[in-house]
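Please read it alongside the model.

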Amino acid sequence: MTMVTEKDINEQIAWAKINTDVLKSMENPRPAYWVTLAVCIAMVSTAVVAEYIQYTVGMGTANLNNPHMWDMYIAAFVFWIGMSHSGTLLSAILHLIHADWRKPIYRFAEAMTTFSLLTAGIFPMIHLGRVWNLYWVLPYVSDRGIWPNFRSPLVWDAFAITTYLTASMLFLFVGMIPDLAICRDNTTGWRKKLYGILALGWIGSDRQWRHFRKIYLLMACFLIPLAVSVHSIVSADFAMSIMPGWHITSFPPYFVAGALYSGCAAIITLFILLRYFFRFEDYMTLPIMEKTAKLTFAIAMVWTYLNLIEFASVWYGHDVYNKELLIAKATGAYAWIFWIMLFCGSVLPFALAFRKLRRHMPTMFVVSLFLNLGMFFERWMIVAPTLSMSQEPHQWDIMYGSIVEWAIVFGSFGWFGMLFLIFVKVFPSVSMYEVKEMVFHRKRSAGEEDLARMTDHAKPVTQTTGGGSA
Amino acid sequence: MSLDNILNHWSDYRKGAEEGGHHDYEHRWAMAINLDLCIGCNACSTACYAENNLAVVGKEKFEKGQAMHWMRIERYWDQQELEHPEQGASFLPMMCQQCGAATCEPVCPVAATYHTPDGLNAQVYNRCIGSRYCSNNCPFRVRYFNFYSYYESSWPEPMEQQLNPDISVRDKGVMEKCTFCMQRIRTVKDKAFMEDRKVKDGEVVPACAQSCPTSAIVFGDTMDDGSMVSKLWKKHQVERGIYQKTKLAKKDADLRGYRIFEELNVDPSVMYLERVREDI
């Protein structure tokens, strides 16, 4: 059976055109850009005001109370950490398995990783009662010989997140060096100075490429276990406790699957926005969108499966606290959130199974937003209901966040948007050198295919991505 | 928790609660609360407020669940569906259970809560950074967080004169909880040390036990076999350690003693004596 497969990218596209197209996206922004940026900054300012109130008056302004010591801040923290995972999936895992369709879209995904980590990192800080003593969590050299408690998952968090943030920032930067050199060669003024410094004297010599390949592969290998461990450790915040609904063995894979899921959904959202606003139709093509959507669909099913495992093990485990909590989740005060979460997380992704819908950008845009809404609710359903209904019935309570809490959570979206908007105007959001590579290899392998057909030699066609010059 | 401590005592440190933990206990303070005697008068709670400088948060914050009552009286109805006098109220004084295998201790990122040689879960206010993880991991929900700064509102002039000088006033952002009146334990232990003798049973009386009009709360050292509390624990066949029989597994109706959430294996230091009822 032969299937006519669409090409991921037009092989005939000229290298000069790739440069021009991508560099054009970094030119002076249109008014709409400034408006969006202003909205983002306004959101951040609101959050800053809210945080000022919370800092000076106390954590009580967020409506936190005795059973609900954690709430939406932690849910948002898990959400943002989760979103960071797909950048690594695209840039590192798919790099290792030679899935070269990732090349036009991994750069902004990697930037998304870094910025969502920068957003996530804010939450554990502002949620501390005495944030000015934050550094006590780190094992700094203290003259009193006092160390953090290495048994606490919060300390593991601090290590895991700072390591992951550092590594993914470096990975983003290192992967950008050849592109920064292109930017340096095509700009003037402050930009030329900036890119000149950042490009680290890249001239594209054979030796530089060789070193570059090595370090890029090395960092990709380094980053993958980090990405998996980070969210497993975040899940340990819950799984290491003895609370019903938290103390669940399947939490680490469940969190990692949820993380990749929301990250892929966010990639689809940003994919469509960049494609539309920067006219990247030649690079962010429909076949690539289809592949991303299929990946998202697969991960959504893994997430659904892990959800079912959790429900089944709670149901048949007959632990009275867990079971009652599960029933309360499905029927109690938070039931509407629970069912929206399941609908958005498990039913809606079936839209991605249809070719027609996968290729319809407005539908995909809306669907991807709803997928992430479901994932936000999922995080909230992990954190809050357990606290509302833990073992001690006297302390059962239903609580919704105050305006201060909402303002800070909304502000985090503004913060992420602001960082991302600045990024796309200062740095190339499509990897120029890798798109060239992709075009080059595709063309060559297509040529080899023709050659094979002509000479009637049935040799397997291999695609090589590493080692070549671009 | 210094580095030397970790390196030199790693094997001790890793020892689980089922092996008795790594503590060389001097005392193991414990309570026996007779629910049959408890009339739900809240005197213990009030005494606790006075003794431990607890902030009075006011009606609104109380309703929001931000109260600071280290000792709280939980009221349950025997038969919810009936009208008031027939409902049959049960009261349960609930405070920190000073668990032997406390779940709050391992999760604190800065080790602000730790186990003392007295068998208590100490909370170091100055070390606390307010991550509130300990409270989240407490099945009894007896850890209270300073959501606001209460010094001005709770003790307006000249009320600050009645603050207990033996114990600090906590500011916002810090977790706090029942200490079994650690300041009183300290005073008695110091006195006994100066007089070169052991602490006698009944010498330490926490504020709640002192103020209880029906003497429902008995406090003492379970390591002292002659103490009242030891005798009560023995009489009702409640033992220290985890993997103990839960109350339901005991056949004898006279054995009224039980520890709350025994099945969670947290080894609480408070034994409750079930209320004796006429037939319901």
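**Notes on the predicted model**

1. A32(B) has V218(B) as its bridge partner in β8(B). Strand β1 (residues 29-34) of chain B and β8(B) run antiparallel and are joined by five bridges; strands are DSSP runs of E of at least two residues, helices runs of H or I of at least four, numbered from the N terminus.

2. This is a predicted model, in which local features need pLDDT of at least 70 and side-chain atom pairs count only at pLDDT 80 or more, while totals for chains, interfaces and linings use all residues. Residues are numbered from 1 along each chain as its sequence is written, and chains are lettered from A and ligands numbered from 1 in the order in which they are written.

3. In chain B, four strands form an open sheet in the order β8-β1-β10-β9, with mixed pairing (two strands pair if DSSP finds at least two bridges between them). Its edge strands, β8 (217-221) and β9 (257-258) of chain B, each pair on one side only.

4. In chain A, helices α6 (residues 153-186) and α7 (residues 189-198) pack at an angle of about 150 degrees, with axes 8 Å apart (axes are lines fitted to C-alpha atoms, for helices over the stretch in contact, and angles run from 0 to 180 degrees between N-to-C directions). α6(A) is therefore roughly antiparallel to α7(A), a term for angles over 145 degrees. L180(A), C183(A) and R184(A) of α6(A) meet K192(A), Y195(A), G196(A) and L198(A) of α7(A); contact requires C-beta atoms, placed from the backbone, within 7 Å.

5. Between the chains, 37 residues of chain B are in contact with 37 residues of chain A. α7(B) gives the largest share of chain B's side, three residues.

Technical notes. Two residues are in contact if their C-beta atoms, placed from the backbone, lie within 7 Å. Angles under 35 degrees count as roughly parallel, over 145 as roughly antiparallel, 65 to 115 as roughly perpendicular and the rest as oblique.
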